[in-house]
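Could you walk me through this structure, one place at a time? I am new to it and would like a friendly tour.

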Amino acid sequence: MTTGRNDVTIHVQEPTGTRVSPDLWGLFLEDINYALDGGLNADLVRNGDFEATGADRPGWGPLTGWDPEADADGVRVRSDRPVSAANATYVRIGAGSRLTNRGYDPEGMLVREGAYRLRLAVRRAAPSASAHASLTTADGGALARVEIPAAADAWSWVEVDLTCTATTRAALSIDVGEGAVDVDLVELRPVDSQGRARLFRPDLVETLRALRPAFVRFPGGCVAHGYGLDNMYHWKRTIGPREDRVPMPNTWGYHQSMAIGYHEYFLLCEELGATPMPVVAAGVCCQNVPGGPQAIPQQRMPQYVQDVLDLVEYANGGPETRWGAVRAAAGHPEPFGLRYLGIGNEDVVDAQFADRFGQLFDAVRERCPDVTVIGTLGPKPYGPDYDAGWELARRLEVPMVDEHSYRSPRWLLQHLDRFDHYDRSGPAVYLGEWAAHSSTMRSALAEAAYMTAVERNSDVVRLSSYAPLLARVGSTQWLPDLVYFTDDDVRPSPSYHVQRMMAEVRGDRVLACAATGHTERPQSSPAMQRVTLRSSGSTTRFTAIRVGGTEHPDQVVGTEGTASLVTDGTELELVATRTDGEEGFVVGFGGADGETVHEFQVGGWRNESLILARRDDGIGNEVDGPHPFGGVRTEVPLHVRVTVQGARIRVWLDGALVHDHEDDLRPWPDLVAGATTGPDGGAYVTLVSLADEDRTAHLVVDGARGATPATVTTLAGGSPDVGRPFEACPVEPVATAAELADGRAAITVPAWSLVTVQVGPAT
Ligand code: AHR
């Protein structure tokens, strides 16, 4: 075999003895970024339950999403004699009045030609009431109109179809001619070809199905344990008749109608061919609330533990069991096949947590022996909760723990050997929430490389799910996300293509795979050739600035600005005084090219932490902290001192050492390869290129004889910076046919690409 300057060799050898976990790749479904209402939920009406309040978001109320056009008796918000105590707010529409909903997009809800089913609770509030529903275009043109029967003086459910004659942005109106009508729980859903109102948006479901998920985690994330005890997710409040479901403020600052509750989640799992993985609060709410984490009082814990056992029974019990019967009554006599249950999410692992977790774990282990319980390791892949989570899990013999890694691409690439060193005798690992910090190919390929490491170690890392999954454009609280969407568009990120391609080549057994001929990328050391000063959310005066003994002029930096100083030295000192605003400031220092910058973030999130971060290629990652901090105060000067010695960075604030950090300067490889057995004795080979040039990979597969067909699928980024948040990845995977001769083939591996090779007949 002759090789060129840019060539690499990939040698696929015998099985290592590690079986690939059949459940390795799954989905993390949390109601964040309007993933459910306004997303997967096919209902077009926003705030159809009139239950939005200021607790969802300041300024919101029952008529959020609705435009009342009132005449005569007008439109009144009421709560006397409601349709249900759980949904206490409704509206009374008086004679000559109209109430209009435009859905989740300011331009109006997107309707297509075809039937839409309007479902709502109605009560006649005056004799001879007459009401109509209509769909109109943005400029008021009629699309469809239908009478709403409102004959009864008691609440009744009405379902009527509106047949839409055009594909357009529209508004749904309910208008009352005579009398007055009470209205609640308004839904408008497209009707499918079987004449059923759609529960889920089909384009989003198909996008998820293509990921071949083995499991779906739900409802979070933070939504699982909630912003305070009152905000904890209780599954029993999300099932049964719509009117009895309890809507809740969503942790991420919007309204959660619970129209997609636990039953619908189980249906989605079934639709996707995935096992459910509920994550329940460990009896403790999220720690990021004023006052820190609060636990369910001990006297209420037996009921809470029972609720969790009941959830498993709802999913798995026969129709003769109490909760299996409730499921059967909801139209699903067959069990849903739940095999995993997460207890806790990113919690502070302290004594209170250990106590509540222990109660839940003991009960589930005893009563549901077929369910694998997953414990939690806190929000990061290191740190006090990570250590305490492992310790607790080992002590209690919890079968699996949930590790979270929202990191920079650089961090992932520097930790490709992380799981090689994990203890095989303790709990297994679920990489439950993870992603690299951008929506670019750089991040997606770092994830692909990490996935090869996960797969290689899937005797210990049994499950993995990227997070978050879905994000409505214009309504996101978190970046990056796997799939962006609008009303009429699904926009897969580069990471989506990576997840999909990796799921397509999940084999059964890991094969030894050696890559040679590639290079390692050296990492820049900390430097002080440029100092940048920022002050987001406030104005800060920087004085007495000295770098390497040289004085620099004072700087005043406002919310939008940055001061950039050309400097030289290994020691920096300055005094920072906030003159205005609520937040803190950032002192950055790095090389002259600006590619690697370290940042001392004073104040950080909510002006209560100190963080040292490293930013490479514009993507940041904390490297030390956050450490608790009393906060920056206006007109109170703070003295900052930073020294750099090789890889070591030390930072003092007002004379106290707050960071003493040794930078991780391990290089990362510009090619990562992995292989598993494929179907019919074939192999799957994964090649991740992090190089700036195209290369030829000489593939050698031991044991293959004669001519062997292969399918090569290539996601060719060309550059690391391809891809942007909220947009569809501009490149897509392309499959081509190839052939190996006696186990050998030359495969083109483009710059910044993921290439998978299925050796053997196409499946
Ligand atoms: O995925 C978004 C959030 O990240 C999750 O809700 C939480 O668990 C994590 O901090």
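In this predicted model, the side chains of Glu 433 and Tyr 406 make a polar contact, at 2.4 Å. Glu 433 is found in strand 21. Is Glu 433 buried or exposed? Its relative accessibility is 5%, and because buried means under 20%, Glu 433 counts as buried. Leaving aside residues up to four places away in sequence, the residues that Glu 433 touches include Phe 28, Arg 217, Gly 221, Asn 345, Glu 346 and Tyr 406. Asp 402, Glu 403, His 404 and Ser 405 are also among them, as are Ser 465 and Ala 467.

Which residues place a polar atom by an oxygen atom of the ligand? Glu 346 has a polar side-chain atom 2.8 Å from a ligand oxygen. For Asn 345, an N or O atom in the side chain is 3.0 Å from an oxygen atom of the ligand. Cys 222 uses its backbone instead: one of its backbone N or O atoms lies 2.8 Å from a ligand oxygen. On its own, the ligand has 280 Å² of accessible area, and the protein covers 95% of that.

Strand 21 also leads us to Pro 427, which sits in the loop between helix 9 (409-414) and strand 21 (428-436). Pro 427 is buried, with a relative accessible area of 4%. The C-alpha atoms of Pro 427 and Arg 394 are separated by 6.6 Å, although the two are 33 residues apart along the chain. Arg 394 is also one of the residues that Pro 427 touches, along with Trp 390, Ala 393, Val 398, Pro 399, Met 400, Val 401 and Val 460; residues up to four places away in sequence are not counted here.

Next comes helix 7, residues 351-367. How far apart should its ends be? At 1.5 Å a residue, its 17 residues should span 24 Å, and the end C-alpha atoms are 24 Å apart, which agrees. Its buried residues are Phe 353, Ala 354, Arg 356, Phe 357, Gly 358, Leu 360, Phe 361, Ala 363 and Val 364. An α-helix has 3.6 residues a turn, so residues three or four places apart point the same way. The buried residues of helix 7 pack against helix 5 (301-316), strand 18 (340-343), strand 19 (372-376) and helix 8 (384-396).

Finally, let us look at some details of the backbone. Most residues other than glycine have a negative phi, and most peptide bonds are trans. A cis peptide bond, however, joins Phe 218 and Pro 219, with omega about 0°. Pro 219 lies in the loop between strand 14 (215-218) and helix 3 (222-225). Another cis peptide bond joins Leu 479 and Pro 480, where omega is about -5°, and Pro 480 belongs to the loop between strand 23 (470-472) and strand 24 (483-485). Arg 212, though not a glycine, has a positive phi of about 50°; Arg 212 is in the loop between helix 2 (202-209) and strand 14. Asp 617 likewise has a positive phi of about 50°. Its place is the loop between strand 36 (609-616) and strand 37 (619-628), and at 40% relative accessibility Asp 617 counts as partly exposed.

Definitions and conventions: Residues numbered from 1 in each chain as written. Predicted model: local features only at pLDDT ≥ 70, side-chain atom pairs only at ≥ 80, totals over all residues. Heavy atoms only, no water. Polar contact = N/O pair within 3.5 Å; in protein donor to acceptor, adjacent residues only side chain to side chain. Areas by Shrake-Rupley, 256 points an atom, 1.4 Å probe, with all protein chains shown as cover. Helix = DSSP H or I, 4+ residues; strand = E, 2+ residues; numbered from the N terminus. Expected span 1.5 Å × (residues − 1). Buried < 20%, exposed > 50% of the residue type's maximum accessible area, 1.4 Å probe, protein only. Contact = heavy atoms within 4.5 Å.
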